[in-house]
Amino acid sequence: MPGSYYIPRVNLIEPGCFKKIGEWTKTLGGSKAFIVASLGEYGEAQGKMVADVLTKDGIPNKIYAGAGPNPTDKMVMDGVKEYKEFSSDILIAIGGGSAMDCAKGIGLVVSNGGNIHDFEGMHKSKKNLPHFIAINTTSGTGSEVTSVSIITDTEKDRKMTIVDWRITPDVSVNDAELALSMPASLTAASGLDALSHAFEAMVASDATPITDALSFEAASLIFKWLPVAFNDGQNLEARKEMCHGAFLAGLAFNNSGLGFAHALSHPITAMYGTPHGVATAVVLPAVVKYNMQTSQNKYAQLAHAMKVDIPWHSDSDNAAKVVPALLKFYKQLKIPVGLLDLGVKESDIPALAEAASKELVGRTNPRAGSIPIFTQLYNDSLNSVRL
Ligand SMILES: [Fe+2]
């Protein structure tokens, strides 16, 4: 809703800030912490890092490393059961979007009762969640600052979008030291997700001067620092600036909405398992071209953020530099520039276009769409020659 801004109450963004989570758990009144982490060994290890800090600070805790990629209703309800069995009073999520989204779902059901399906849609909760600290480790998703959770309905094999101001975390944590171990491919995928958030938020129909400022600075930082972090994962300055960029992009889209790049990418990820950030980046140039007639001045500003504009040239000329600059940027990050390279089949486009037309995230795209439009955008994204 334009004019209403949702943002975590406290935001920690500096190398080493992760160590303050025990202090903040106590400040929020938490005495038994439920740690939600990603599924598998890596998630277990991240959960253990949180547990070690809390234990050192004398806070009993339990790890639930059950948030798989694209977390499901079952994962949420299993987490609810474990949360109650442990009699927890505070939620702490660590990881990327999956852990955060799962924790948000657990919090909703723990405090409101019922089933996670009851909360699909906008602002369905009636009661506040337990206090919630969200620790982001990927500098991309923005989920540590948003009031959005995407949960898979396993029975209907579809994704439920939950938007609820009460699931906005109380404390967001972006510690660049936690990002140092990210492999280059994940750095690129998550960084491009953040870049797409900035691009879509900038032109979204609910954008305001506040979200424009956030989007512009996010795009500037990500365009400058993502290649540095990609080429040298141990560069703490690059990791820190990517924390800033992804954080700003998250705040921007949480308050202005997204657009067709996300609407088109969700079905690709669902059908082929393509990483979200890569799928979104690959369809973004076609969406930029499509939106050009409504958003030329905004794209000219983004060209300035990318430092590819020429100040005395017209908005039209500068905006036209955005798509070539994006394609060049993708090559630097060694990600494909077309859907064919991602393994998308032309014969699947009708099904993809129909699924994209049902995506809630597309509602704030600055130009309206339709199934034929989504079909065209997928076709335009098949390879960079078509752009
Ligand atoms: Fe995204």
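A helix crossing is called left-handed if the near helix is turned anticlockwise from the far one by less than a right angle, and right-handed if clockwise. Keep in mind that this is a predicted model.

**Exercise 1.** Describe how helices α7 and α10 pack, and state the handedness of their crossing.

*Solution.* Start with the geometry: α7 (residues 209-231) and α10 have axes 8 Å apart and pack at an angle of about 35°. Next, the handedness: α7 and α10 cross in a right-handed way. Then find the residues that meet: α7 brings Phe216, Ala219, Ser220 and Phe223, while α10 brings Gln301, Leu302 and Ala305. Sorted by class, this contact has five nonpolar, two polar and no charged residues.

**Exercise 2.** Which residues have the most contacts inside the largest nonpolar core?

*Solution.* The core has 126 residues, and the ones with the most contacts inside it are Ile35, Val36, Ile92, Ala198, Ala219 and Ile222. Helix α10 (residues 276-305) gives the most to this core, with 15 residues. Both domain 1 (10-178) and domain 2 (184-386) supply at least three residues each. Now zoom in on Val36: leaving out residues up to four places away in sequence, Val36 touches, among others, Tyr64, Leu91, Cys102 and Ile106.

**Exercise 3.** How many residues of domain 1 are in contact with domain 2?

*Solution.* First locate the centres: over C-alpha atoms, those of domain 1 and domain 2 are 27 Å apart. Then count: 16 residues of domain 1 are in contact with 22 of domain 2. Finally, sort the domain 1 side: five residues are nonpolar, ten polar and one charged.

Key: Residues are numbered from 1 along each chain as its sequence is written. This is a predicted model: local features need pLDDT of at least 70, side-chain atom pairs count only at pLDDT 80 or more; totals for chains, interfaces and linings use all residues. A nonpolar core is a set of buried Ala, Val, Leu, Ile, Met, Phe, Trp, Tyr and Cys residues joined through C-beta atoms within 7 Å. A residue is buried if 20 or more other C-beta atoms lie within 10 Å of its own, exposed if 12 or fewer, and partly exposed in between; C-beta atoms are placed from the backbone. Helices (H or I, at least four residues) and strands (E, at least two) are DSSP runs, numbered from the N terminus. Domain bounds come from an automatic or database domain assignment. Two residues are in contact if their C-beta atoms, placed from the backbone, lie within 7 Å. Axes are lines fitted to C-alpha atoms, for helices over the stretch in contact, and angles run from 0 to 180 degrees between N-to-C directions. Ala, Val, Leu, Ile, Met, Phe, Trp, Tyr, Cys and Pro count as nonpolar, Asp, Glu, Lys and Arg as charged, and the others, Gly among them, as polar.
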